[in-house]
Amino acid sequence: MITVEKLKVFEKYRGDDDRFTRASKKELAILSEDEFYTIRRLISDLKLIGNGVAAASYEAQVFEQINNLVDNNQAKEYLLRLSKTLS
């Protein structure tokens with residue numbers, strides 16, 4: 001489950017997997033490598049949707065995944081914000 005705490009760790013490393021390789025053991029206990037890549041993929045998908053280049057069916061699929069993977073509305077809002085602020 002993707003939580004606000006995990007998103008904060010992701011944001012610290014700005015979605016950069018090279019930077020994330022330097023994460024502390026404490027951070028790795030919070031956010032696994034698999035979760036890091038899942039968040040990065042979701043953000044990439046949200047950017048496609050935001051740019052209007054995703055099909056409606058793809059958009060529905062992405063939001064279904066978000067509903068299944070993200071813990072609560074606060075974390076969903078955080079994820080959406082990251083998709084707009086991270087490059």
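These legends go with a set of close-up views of a predicted model.

**View 1. Helix H1 and its buried residues.**
H1 covers residues 4-12. Its buried residues are Val-4, Lys-6, Leu-7, Val-9 and Phe-10. What do they pack against? The partners are helix H2 (17-20), helix H3 (25-30), H4 and H6.

**View 2. Lys-6, a buried lysine in H1.**
Here we zoom in on Lys-6, which sits in helix H1. Lys-6 has 12% relative accessibility, so it counts as buried. Its side chain makes a polar contact of 2.5 Å with the side chain of Glu-35. If you skip the neighbours within four places in sequence, Lys-6 touches Met-1, Ile-30, Leu-31, Glu-35 and Ile-39. Glu-35 therefore turns up both in that contact list and as the partner in the polar contact, which counts because the N or O atoms are within 3.5 Å.

Phe-10 is another residue of helix H1. Buried or exposed? At 1% relative accessibility, Phe-10 counts as buried. Leaving out neighbours within four places in sequence, its contacts are Gly-15, Leu-31, Phe-36, Ile-39, Arg-40, Ile-43, Leu-82 and Leu-86. For a sense of how the chain comes back around, check Ser-87: it is 77 residues away from Phe-10 along the chain, with 13 Å between the two C-alpha atoms.

**View 3. H1 alongside H6.**
The axes of H1 and H6 come within 9 Å and cross at roughly 20 degrees. Angles under 35 degrees count as roughly parallel, so that label applies to H1 and H6. The handedness of this crossing is left-handed. On the H1 side, the contact uses Val-4, Leu-7, Lys-8, Phe-10 and Glu-11. H6 brings Gln-74, Ala-75, Tyr-78, Leu-79, Arg-81 and Leu-82. Sorted by class, the contact of H1 with H6 has seven nonpolar residues, one polar and three charged.

**View 4. H4 crossing H6.**
Now for the pairing of helix H4 (residues 33-50) with helix H6 (residues 73-85), whose axes come within 9 Å and cross at roughly 65 degrees. What does that make the two helices? H4 and H6 are roughly perpendicular to each other, because that label covers 65 to 115 degrees. The crossing of H4 and H6 is right-handed. H4 contributes Ile-39, Leu-42, Ile-43, Leu-46 and Lys-47, while H6 contributes Leu-79, Leu-80, Leu-82 and Ser-83. By class, the contact of H4 with H6 splits into seven nonpolar residues, one polar and one charged.

Ser-83 belongs to helix H6. With 10% relative accessibility, Ser-83 counts as buried. Which residues does Ser-83 contact, leaving aside its neighbours within four places in sequence? They are Ile-43, Leu-46 and Lys-47.

**View 5. H4 against H5.**
H4 also meets helix H5 (residues 56-69): the two axes come within 10 Å and cross at roughly 145 degrees. This crossing is left-handed. From H4, the residues involved are Thr-38, Arg-41, Leu-42, Asp-45, Leu-46 and Ile-49. From H5, they are Tyr-58, Glu-59, Val-62, Phe-63, Gln-65, Ile-66 and Leu-69. The class breakdown for the contact of H4 with H5 is eight nonpolar, two polar and three charged.

**View 6. Two arginines in loops.**
Arg-14 lies in the loop between H1 and H2. Its phi is positive, at about 55 degrees, even though Arg-14 is not a glycine. Most residues other than glycine have a negative phi. How accessible is Arg-14? Its relative accessibility is 42%, so Arg-14 counts as partly exposed. The other arginine, Arg-22, is found in the loop between H2 and H3. At 57% relative accessibility, Arg-22 counts as exposed. A polar atom of the Arg-22 side chain lies 3.1 Å from the backbone oxygen of Asp-18.

Definitions and conventions. Residues numbered from 1 in each chain as written. Predicted model: local features only at pLDDT ≥ 70, side-chain atom pairs only at ≥ 80, totals over all residues. Heavy atoms only, no water. Axes fitted to C-alpha atoms, helices over the stretch in contact; angles between N-to-C directions. Helix = DSSP H or I, 4+ residues; strand = E, 2+ residues; numbered from the N terminus. Parallel < 35°, antiparallel > 145°, perpendicular 65-115°, else oblique. Left-handed = near helix turned anticlockwise from the far one by under 90°. Contact = heavy atoms within 4.5 Å. Nonpolar A, V, L, I, M, F, W, Y, C, P; charged D, E, K, R; others polar. Buried < 20%, exposed > 50% of the residue type's maximum accessible area, 1.4 Å probe, protein only. Polar contact = N/O pair within 3.5 Å; in protein donor to acceptor, adjacent residues only side chain to side chain.
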